[in-house]
Number of protein chains: 2
Amino acid sequence: MLEAVKVGVLGLGTVGCGTANILSRNADEIARRAGRGIQLAVACVQNLEKSRDCDTSDIVLTEDADRVVCNTDIDIVLELMGGTEEARGLVLKAIDHGKHVVTANKALIAYHGNEIFQRAQDKGVSVAFEAAVAGGIPIIKALREGLAANSIEWLAGIINGTGNYILTEMGDKGRDFDDALKDAQRLGYAEADPTFDIQGIDAAHKLTILASVAFGVPLQLSKVYTEGITEITSKDVSYAAELGYRIKHLGIAKRTAEGLELRVHPALIPQRRLIANVDGVMNAVVVKADALGPSLYYGPGAGAEPTGSAVVADLVDVVRALTSDPENRVPHLAFQPNALSDIPVLSIDEVSTAYYLRIHVLDRPGVLADVTRIFAVHNISIEAIIQKERQAESTSVPIVILTHQVSEQNMKCAISELEELEAMTSQVMRIRLETLS
Amino acid sequence: MLEAVKVGVLGLGTVGCGTANILSRNADEIARRAGRGIQLAVACVQNLEKSRDCDTSDIVLTEDADRVVCNTDIDIVLELMGGTEEARGLVLKAIDHGKHVVTANKALIAYHGNEIFQRAQDKGVSVAFEAAVAGGIPIIKALREGLAANSIEWLAGIINGTGNYILTEMGDKGRDFDDALKDAQRLGYAEADPTFDIQGIDAAHKLTILASVAFGVPLQLSKVYTEGITEITSKDVSYAAELGYRIKHLGIAKRTAEGLELRVHPALIPQRRLIANVDGVMNAVVVKADALGPSLYYGPGAGAEPTGSAVVADLVDVVRALTSDPENRVPHLAFQPNALSDIPVLSIDEVSTAYYLRIHVLDRPGVLADVTRIFAVHNISIEAIIQKERQAESTSVPIVILTHQVSEQNMKCAISELEELEAMTSQVMRIRLETLS
């Protein structure tokens with residue numbers, strides 16, 4: 001395999017450490033996908049002595065940003081420091097030194113993206129920014145590549161987790177705005193100064209970026225109409241619910257015959273829509289496209305490793321482009337052909353799941369004891385057992401049972417013994433149960 | 001701009017015509033994204049005389065597949081004919097002639113993918129297959145690229161729209177399986193012979209592909225445990241609902257300490273999960289990844305244009321790789337820098353939405369008449385108006401109003417007149433309402 005690509009990072013805070021931890025924990029899988037290793041070699045930090053949430057023993061720490069952006073050993077610079085002015089200067093300097101750049105900085109792109117992309121274009125390098133919008137959800141990739149066939153009609157996103165947490169709490173628990181905000185601050189979802197989140201500014205940065213990649217227009221943050229969630233009361237949330245709606249804070253970009261609508265504001269959404277059920281700090285973006293129709297992308301919109309996931313995905317994109325035959329950039333099966341794994345596939349008997357069972361038994365004493373004894377013998381614990389009403393013209397009663405996790409093999413044995421019971425009047429109906437959590 | 005890339009297609013049925021229609025309708029936007037035009041030049045069809053759902057006046061039609069796969073004018077071959085054996089032969093022949101291949105054929109990839117990818121690797125060409133799984137949802141791209149940082153723990157998908165339509169009908173309307181199946185056939189969602197869909201075979205093909213790109217293992221269809229939905233009764237659907245679950249037909253791939261689980265079967269899912277609320281013919285895939293956590297991808301899993309959307313996305317990927325500087329393959333803002341649009345951004349006053357309004361008025365005769373007159377004057381039609389209970393210690397009553405679409409400007413005028421009414425006891429609370437349909 002080729003030598004590892006060397007990467008430098010500006011900032012080793014929450015997202016920087018999340019990224020470092022992913023690169024180290026998943027080093028093998030990432031190299032199998034990218035075709036070569038990715039080594040975080042240098043990090044520029046504000047304070048060398050600060051304790052960090054990641055192992056820095058293999059990383060050269062420096063307080064001198066030039067040792068990252070001008071470092072001839074470094075191919076790619078990660079800008080994870082935040083802020084706009086200093087970050088702009090360092091990103092432009094890195095580009096001028098021929099570095100590819102990966103950034104998680106939505107404000108930087110919203111304010112200075114047009115300038116930065118022009119400079120990158122002139123220098124023939126990439127600036128990747130998947131992490132700038134909706135955390136680890138690959139929404140930039142979906143819009144730039146996955147939906148490249150489409151004329152995008154509109155998109156609407158829950159793109160600020162703090163605001164969505166507050167509105168969810170107001171809805172589920174009838175809490176006041178101030179109360180829910182304090183809770184969000186206590187849990188670390190909101191900053192001490194929550195202005196950017198609750199006034200919609202953070203969402204406006206992200207919407208600016210989404211609109212550009214959806215419609216092919218320059219970044220134009222100043223034209224985004226921005227309204228926060230501070231005026232929403234729990235009364236409104238509950239009146240909306242009575243009418244069949246939920247209130248969400250949306251970023252909306254829509255193409256009309258007259259021009260583009262770019263707006264961030266709270267909105268009622270019919271509660272049957274999938275996005276109306278996106279709760280807590282989760283993010284989601286709905287895209288309406290002319291050929292595909294509606295599609296939705298959902299996941300964690302913030303946090304160390306979710307954001308790091310997007311940073312590393314961008315890194316892998318850049319490394320694949322640096323490394324592969326350009327006509328064959330992404331391996332067919334995601335991993336390099338010589339790096340496929342021979343991990344065995346289990347037979348279904350070896351699989352454990354929870355189960356729903358429906359049985360029909362004669363309604364007489366002792367039957368339930370027989371049934372539960374069989375479960376006990378096969379070490380199957382019961383989560384719920386419910387006797388349903390006897391159906392018309394039937395001599396038997398249906399019983400519905402939910403079990404905890406059990407191996408398919410044990411369940412098969414239990415079912416065959418159940419079916420031998422004299423009181424059983426039909427075969428056992430069994431459906432697996434998946435909590436997907 | 002460079003000359004258009006010439007493409008040949010095998011098969012001009014539903015998906016072929018969907019693809020042709022997209023390429024023609026969105027030719028300009030696609031070229032702005034890809035950096036050059038994409039021209040569907042030759043199509044191999046079974047019957048030259050058949051009438052088709054797309055304009056073929058600029059396409060050379062032939063019954064001779066060699067005029068596509070061996071054609072020196074063609075750079076990329078689309079395999080949209082279906083079936084496995086003939087398609088395998090033609091795809092391998094196209095690869096041998098140095099063509100890149102885009103296919104929507106899940107069975108072809110599930111059965112012959114290992115051989116096809118090996119041959120493509122040897123010849124230095126790409127075989128793209130986004131359309132083979134979950135129609136137009138960019139799930140292959142999400143797994144291969146968007147989640148490249150992650151060790152995937154499991155994925156679970158509703159990846160057969162026919163089956164999901166039947167289960168949704170059984171749930172929503174309490175219908176029998178046979179009845180719902182007949183309806184699916186009448187609506188064109190199910191084939192005359194529905195075996196592949198209702199027995200889970202189609203889902204097993206797709207799960208095979210998803211598991212390979214998620215875990216980096218060879219395609220191994222024969223090891224997928226496959227169970228259909230034919231045994232599910234409307235009784236089970238309704239018992240499950242009483243217990244807080246919905247029954248969905250899932251494809252599940254999970255990594256455990258012992259090996260991989262690959263299985264297709266019906267399952268109960270807690271109804272609060274987003275994927276439990278994916279209804280009708282829609283598809284969705286949940287992916288649990290170690291760094292990102294849970295993410296979900298939702299959209300139409302079949303149909304002419306949704307599938308064509310994925311085919312064309314793959315085409316754009318190949319064309320970008322053929323055309324661009326490899327280090328800068330995807331334009332930063334999705335469209336080529338010299339092809340950005342200057343479509344204007346509207347001011348919020350020009351935007352029309354529906355509205356939720358909450359007002360507080362003194363409870364006396366004539367007030368509601370004053371309120372509705374103001375709406376009428378400003379041409380605002382009312383969808384619902386509900387007087388809520390008077391709150392304790394208040395002299396006024398809250399009234400909640402939902403309006404139809406109206407321009408922000410008109411609404412502002414109406415609100416300022418409302419606030420001048422003598423009976424109004426507080427400011428008007430207004431929240432926009434978006435149906436997102």
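How many residues apart are A:R33 and A:E29 in helix α2 of chain A? They are four residues apart in that helix, which covers residues 27–34, so about one helical turn separates them. Helices are DSSP runs (H or I, at least four residues), numbered from the N terminus.

This is a predicted model, in which local features need pLDDT of at least 70 and side-chain atom pairs pLDDT 80 or more, while totals for chains, interfaces and linings use all residues. Residues are numbered from 1 along each chain, chains are lettered from A, and side-chain values use heavy atoms, without hydrogens and water.

Over all chains there are 62 salt bridges. A:K106 and A:D202 form one of them (4.0 Å, N to O). A:K106 lies in helix α5 and A:D202 in helix α10 of chain A, so this pair ties together parts 96 residues apart in sequence. A:K106 is partly exposed at 23% relative accessibility, whereas A:D202 is buried at 9%.

In chain B, B:D202 forms a salt bridge with B:K206, with the closest N and O atoms 2.7 Å apart. These two residues are four apart in helix α10 (residues 201–215), about one helical turn. B:D202 is buried at 9% relative accessible area, and B:K206 is buried at 5%.

Key
Salt bridge = Lys/Arg side-chain N within 4 Å of Asp/Glu carboxyl O. Buried < 20%, exposed > 50% of the residue type's maximum accessible area, 1.4 Å probe, protein only.
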